[in-house]
Amino acid sequence: MTRHTGIVAGIGVLVMAAGAGLIAFAPPAGASTAPPAVTWSDCVAYSDETLEAMGVPPEELPRIRALLARTDCGAVRVPLDYNRPNGTKITVAISRLRATDQRHKLGSMAVNPGGPGGSGYLMPHELALTSPQFEALAERYDLIGFDPRGVGYSTRAACARPGRDVTPPEIPAGPLTGETAKKIYDFQVLQNRTCWQSDPTFLGQLTTANVARDLEQVRKALGQEKLGYFGVSWGTLLGQVYRSLYPGSVGRMWLDSVVGPTANRLDSRFHDVTAADEGKIPRWAAWAAHRDATYHLGDTAEEVIALVKQLKRKLDAAPIVFSDLDQPLDGNLAAFLAVAPSPLWAESTPALAALTTAKTGDPVPDALRPILIGDGPQEPTEPPADLPEQFNDAAGRAILCNDDTSPHDFPTFWKTYRSWQREFPITAGLAPFTQMCAGWPIPAKEPFQLRKSNASLQLSGHRWESPTPFPWIAQVQARIGGTAFTVEDDIHGSVARVPQCTEHLEAYFLTGRPDSGGCDGVTPPSDAAASTATVAAESAPVSTGWAPSGNRWSWRKH
């Protein structure tokens, strides 16, 4: 439930990380001695319609079909509860994109896109299709995709919803009041309790640590002495936990957009994310100030920031209502435009400039129209019957809340939220305005402790991004080791999307040599030309709850 907007760009699913690690202890005593095995089966024969619905351009259909033709599909049975290894079993679905050079193969590399709740089943194919460097790695590595427990082709999670007679509370424009916040919190409690009652036995076993244990069963079932790994966002948390639990099982591991070691506390996580949003505004402000002759927002970064603060206060006090948009808009729109990812600055900056002179009763200014209205209403279309699940909300919620160790009561949440309003004058309103695990009926399953090891580890952080703030990489490195690589952009998970960066990743997996250098990543536009096509990775700050919209802006209220 959000009142904000989203920008997502690029092909594939790269989703924001949640939480940081669960307890790094040995597998439970009494574990089953039966070796895991893969049950191989025919792969799904996707239609052209389905492949295009997944984002494959029509001209790339022959290439994706060639990749699918050399894919093995299977499943591994794993314990639902690792404390009862001989009890109920669930299924983890895997795909194997076979290396083309089996004679000189370097091993197997598992990949994960993040979430929690994201499907990684077809991630090997998406990487090989969109990155020449990953296509080259697919010559020497079997690339292993998998759906974590609860997601996609694996045993899937589902949540019941409150009855149709229960409606979400209205969220008025302007600063959030305690009364409205409590209504939102109570609705969140109802949602989470209703979800939990759907299947408490299964939902209670959805944790990051259990997904890591499942991955170890996959490694064994594949007969691999060591497993390479590439993870993004929450996938970096999964990698950290896997490496802490099974250091001897890790081959070469690269973690991009690294989740910090305290981010399993959602209050800590969202504080850091909101701080990163606030902290990246001066970079944009300097860019806008350099183009003051075009945008007229101020000829210094300080003037631009002062104008944004003034505009936010003005809209919070008196939300604007355009004649052709039935939705009052408050200061969060100004904040959203100020924290837009750099490839969209050439669109967000004129939109913000138009907002400074807009008045209630006016039609939506042309510069704001793509953001607030987009392409207009579109007829809903029925998805193809064989369209694989790309994200499972129920699994994502369960993993987050089973891992979360922050307080769930309303008074603590409201006190924390109010403190953010003072600390972050522009971006605090973009922070989540409820405790998303409110009402989740069990405490964190396994408070975690990550561990150092000698297993190979390459970390990459993005200096200006906010979903996984740059300071987290140093925190992870101090906790578990590894070598840090710096990407000078603000785009979440762009290492696999920008050739200059992916070349470093390719070299690491081919040689095993750590890389303490860096790359530019996705660069801001040099002029006022539209630039959404240059975005090469998912870039919406998850903390804001902006709704995904493909390669376009959109403004949707849920």
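Cys-73 counts as buried, at 6% relative accessibility (buried is under 20% relative accessible area, exposed over 50%, partly exposed in between; 1.4 Å probe, protein chains only). The model is predicted: local features need pLDDT of at least 70, side-chain atom pairs count only at pLDDT 80 or more, and totals for chains, interfaces and linings use all residues. Residues are numbered from 1 along each chain as its sequence is written, and side-chain values use heavy atoms, leaving out hydrogens and water.

**Disulfides**
- A search of the whole structure finds four disulfides (pairs of cysteine sulfur atoms within 2.5 Å).
- Counting bonded cysteines along the chain, the pattern is 1-2, 3-4, 5-6, 7-8.

**Cys-43 and Cys-73**
- This disulfide has an S to S distance of 2.0 Å.
- The torsion about its S-S bond is about 110°, so the disulfide is right-handed.
- Cys-43 is partly exposed, at 30% relative accessibility.

**Cys-401 and Cys-437**
- The sulfur atoms of this disulfide are 2.1 Å apart.
- Its S-S torsion is about -90°, so the disulfide is left-handed.
- Both Cys-401 and Cys-437 are buried.

**Cys-501 and Cys-519**
- Here the sulfur atoms are 2.1 Å apart.
- The S-S torsion is about 100°, so this disulfide is right-handed.
- Cys-501 is buried at 0% relative accessibility, and Cys-519 is buried with a relative accessible area of 4%.

**Confidence**
- The chain averages a pLDDT of 88 (the predictor's confidence in each residue, from 0 to 100).
- 87% of the residues score at least 70.
- Over residues 528–558 the pLDDT is below 50.

Conventions. Contact means heavy atoms within 4.5 Å.
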